[in-house]
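Dear colleague,

I am handing over the structure below, and I would be grateful if you could look through it alongside these notes.

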Amino acid sequence: MRIIIYEDNEDDVKLLKYYLREFFHERKIKYEVKVYTHSYRMYDEVDRADVVFLDIEGLNENGVKVAEMMRRLNKEVLICFVTRFSKYALDGYRASANRYFLKPLKREVFMREFSALMKDYLEIY
């Protein structure tokens, strides 16, 4: 499982990586995580990614536009928006996001939603 995190807040990255480690270790699934703070570097990797966690606001780019570009590069990638702003939820789904997480991430919400997302994904692949 290849995961990309597009986030500029180190604390948010640490928490997300912690939850991902817990999730995948419990299920004995191999995974790797790459963290990016600039989209131009990330676009080279998105065709090999399975899941992308994307901050909508906080970087120097519009996260919805980044998601739309990612979707064009990889139609199968699962896109999860992670943001402090619920006002972007509709924009996120317009960009075909698979999940929308509000910061600060809550463990039980993350595990429940990510588990459901992975269940559907792993059944397909």
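What follows is an account of the sheet, the helices around it, one serine, and the confidence of the model.

The model is predicted, so local features need pLDDT of at least 70 and side-chain atom pairs count only at pLDDT 80 or more, whereas totals for chains, interfaces and linings use all residues. Residues are numbered from 1 along each chain as its sequence is written, and side-chain values use heavy atoms, with hydrogens and water left out.

The sheet is open and has five strands in the order 2-1-3-4-5, with parallel pairing; strands pair if DSSP finds at least two bridges between them, and helices (H or I, at least four residues) and strands (E, at least two) are DSSP runs numbered from the N terminus. Strand 2 (32–36) and strand 5 (99–102) stand at the edges with a single partner strand each, so one side of each is left without a neighbour in the sheet. From one strand to the next, the twist averages 20 degrees, where axes are lines fitted to C-alpha atoms (for helices over the stretch in contact) and angles run from 0 to 180 degrees between N-to-C directions.

Strand 1 and strand 2 run parallel and are joined by five bridges, and Ile 3 has Val 33 in strand 2 as its bridge partner.

Helix 1 (residues 10–27) lies across strand 1 (2–6), strand 2 and strand 3 (51–54), and runs at about 165 degrees to strand 1; contact here means heavy atoms within 4.5 Å. Helix 3 (residues 63–73) lies across strand 1, strand 3 and strand 4, running at about 170 degrees to strand 4.

Ser 39, which is found in helix 2 (residues 39–42), is buried, with a relative accessible area of 3% (buried means under 20%, exposed over 50% and partly exposed in between, with a 1.4 Å probe and protein chains only). Leaving aside neighbours within four places in sequence, Ser 39 is in contact with Tyr 6, Glu 61 and Val 66.

As for pLDDT, the predictor's confidence in each residue from 0 to 100, the protein averages 89, and 91% of the residues score at least 70. Confidence is lowest in helix 4 (residues 89–94), at a mean of 67, and highest in helix 1, at 97. Where pLDDT is low, the predicted coordinates should not be read in detail.

With best wishes
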